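Please read the points below beside the sequence and the model. They go through the ligand shells, the strands and the helix contacts in turn.

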Amino acid sequence: MNKHLLIDPTKCDGVGICAIKAPDLIQMDVWGFPIIESAPLTDNTKKQAKKALRACPKKALLIIERESPA
Amino acid sequence: MTLTLLPANEIRYDVGNSLFPTGSRRFDLTEFEARFGSSIPLENNADLEALLSRIEQAGVHGRGGAHFPSAVKIRSAILAGAGGTVIANAAEGEPSAAKDAALWQTNPHLVLRGLAAVGALTQAKSLGVWVHEDSYSTRSSMAGAFKERAAAEIDRLPLRAYLAPHRYVSGEASAIINAVQGGSAVPKFFPTKSRAWGEGNAPVLVFNSETLAHIGLLASSLNWAPLESTLVTLLTLNGRYVREVSSDTTFAELLEPSDPAEHVLLGGYGGQWVNWQDIAHSRVHEASLAGQGLSLGAGIVAPLPNSHCGLIETSRIVEWMASQSAQQCGPCIFGLQWLAEDIQALAAGGRKVIGALDRLNDRLPQLMKRGACSHPDGVVRMTNTALEVFASEISLHRKNKCSASSTQPFFPTESEIHAV
Ligand code: SF4
Ligand code: SF4
């Protein structure tokens, strides 16, 4: 089981605080919405993921455990 | 030979196969039972296990697009626990698709038998049918079948129809689950697939209508050997046909010689454009197509008439698909709107083609897997294959030329369907 950062795209309003908190995990697309790295979290990116999760005003981010990136 | 364009709201059936009655009217319950027999007994665990292994051995799989093995889906629902709701999805979203309408308007009892069987297998507490509120012909056939079943006291579980707003994505499984659980009929984000039927509420299990018809055959006492067949909606200038095709049929055999085409849209508006020569001798069979990286998707086969331009048609489809977004996810709302504009630029031709192509190459990959549902993914896939298959048409358009001789739209974007 690996940990992954996921986004509920129906909640996200695309301001992008998350990308500042997790630069190694999140890139903004041309429309201003975050693209999330699909690879499992590492020790380093796990910290960033948690920061982004806390900072998101829409509670759109979540960390889940699963087998593969799917 | 002159080709006449039938109104887009008419479909014709291929008659006499196992799923359809002979003739385009509805089988009533008496006719249905005369032909298919009564339902096999599902009284005890041994009966249920026997049916489940028949489903497994026959290789029944989802026919809505994902082609997931039905036995696996049923088994994991059994593990999730009793008390759920099983839904027959009769709301094919795409205006070119007609197989749900064909089944429900001619043989609703077969689908309902499959639905009741899955209900028994999963120990559901209720059954439902999800249908577009404006699919009047389908609804009236369905209502007739419901009445006959009630009068004959066939269903042990409560059965009801759920009316869906007419939008492409309202037939999406997570939208159905959302609505049946009391939310609105828009797709919902589920972090993992398996939780999709659970999530605290009573589980909701959604099955495609054709899948249920196949399960209905297996649950019938008259011995309908599990003929491996698939329903295909064939869209041509001659009209729209729903055919039951056995798995050894090739695409060349499926099409009339009067439908020459160089390119085919396979699987529907979220499907793939393919060169006719690449599939002409392939079998109309999901597993063998998978070997070519192709899929029947929602069962639509649409050979583009040579008189029509693939870029213009792709542009019309993308524009319509963009209008069908449930407007919940940023990448889908803004991405599809942009996509529609740049594909329109390719269709219009001239100087803007190069810039549009550059942006498409850059941005299309960014749109994959970005929505709560797979609506944008389908549009991206279809567009990607259009860019490959119509590469020489794009060069023509750049020089302000176009190979098409017709300006009549080919693909329908309206969808009420009546049997003829
Ligand atoms: S912080 Fe939250 S709402 Fe803002 S862009 Fe990131 S995920 Fe979306
Ligand atoms: S991806 Fe598009 S269609 Fe699907 S839920 Fe999001 S906005 Fe709606």
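1. The shell around ligand 2 divides into 8 nonpolar, 5 polar and no charged residues. Here Ala, Val, Leu, Ile, Met, Phe, Trp, Tyr, Cys and Pro count as nonpolar, Asp, Glu, Lys and Arg as charged, and the others, Gly among them, as polar. In total 13 residues surround ligand 2, and the closest are B:Ala326, B:Gln328, B:Cys329, B:Cys332 and B:Cys373. A residue is near a ligand if one of its heavy atoms lies within 4 Å of it.

2. On the basis of these points: this is a predicted model, in which local features need pLDDT of at least 70 and side-chain atom pairs count only at pLDDT 80 or more, while totals for chains, interfaces and linings use all residues. Residues are numbered from 1 along each chain as its sequence is written, chains are lettered from A and ligands numbered from 1 in the order in which they are written, and side-chain values use heavy atoms, with hydrogens and water left out.

3. Ligand 1 has 13 residues around it, of which A:Cys12, A:Asp13, A:Gly16, A:Cys18 and A:Cys56 come nearest. This shell divides into 9 nonpolar, 2 polar and 2 charged residues.

4. Chain B holds an open sheet of 4 strands in the order S4-S3-S2-S5, with parallel pairing. Strands (E, at least two residues) and helices (H or I, at least four) are DSSP runs, numbered from the N terminus; two strands pair if DSSP finds at least two bridges between them. The edges are S4 (159-164) and S5 (204-208) of chain B, each of which pairs on one side only. Neighbouring strands of the sheet are turned by 25° against each other on average, direction ignored.

5. Strand S2 (residues 85-89) of chain B pairs in the parallel sense with strand S3 (residues 126-132) of chain B over 5 bridges. S2(B) also pairs in the parallel sense with S5(B), over 5 bridges.

6. S2(B) is mostly covered, with 5 of its 5 residues buried. Buried means under 20% relative accessible area, exposed over 50%, and partly exposed in between (1.4 Å probe, protein chains only). B:Thr85, B:Ile87 and B:Asn89 point one way from S2(B), while B:Val86 and B:Ala88 point the other way.

7. Helix H7 (residues 173-180) of chain B lies across S2, S3, S4 and S5 of chain B and runs at about 135° to S5(B). Axes are lines fitted to C-alpha atoms, for helices over the stretch in contact, and angles run from 0 to 180 degrees between N-to-C directions.

8. S6(B) and S7(B) pair in the antiparallel sense over 8 bridges, and a hairpin joins S6(B) to S7(B) through 2 residues. B:Thr233 stands opposite B:Val242 in S7(B). In strand S7 (residues 239-246) of chain B, 7 of the 8 residues are buried, so this strand is largely enclosed by the rest of the structure.

9. B:Ser220 sits in the loop between helix H8 (209-218) and strand S6 (229-236) of chain B. Is B:Ser220 buried or exposed? Its relative accessibility is 2%, so B:Ser220 counts as buried. Leaving aside neighbours within four places in sequence, B:Ser220 is in contact (heavy atoms within 4.5 Å) with B:Phe36, B:Ser38, B:Ile40 and B:Arg113.

10. Helix H12 (residues 310-323) of chain B packs on helix H15 (residues 375-389) of chain B at an angle of about 170°, with their axes 11 Å apart. H12(B) is therefore roughly antiparallel to H15(B); angles under 35 degrees count as roughly parallel, over 145 as roughly antiparallel, 65 to 115 as roughly perpendicular and the rest as oblique. The contact residues divide into 6 nonpolar, 3 polar and no charged.
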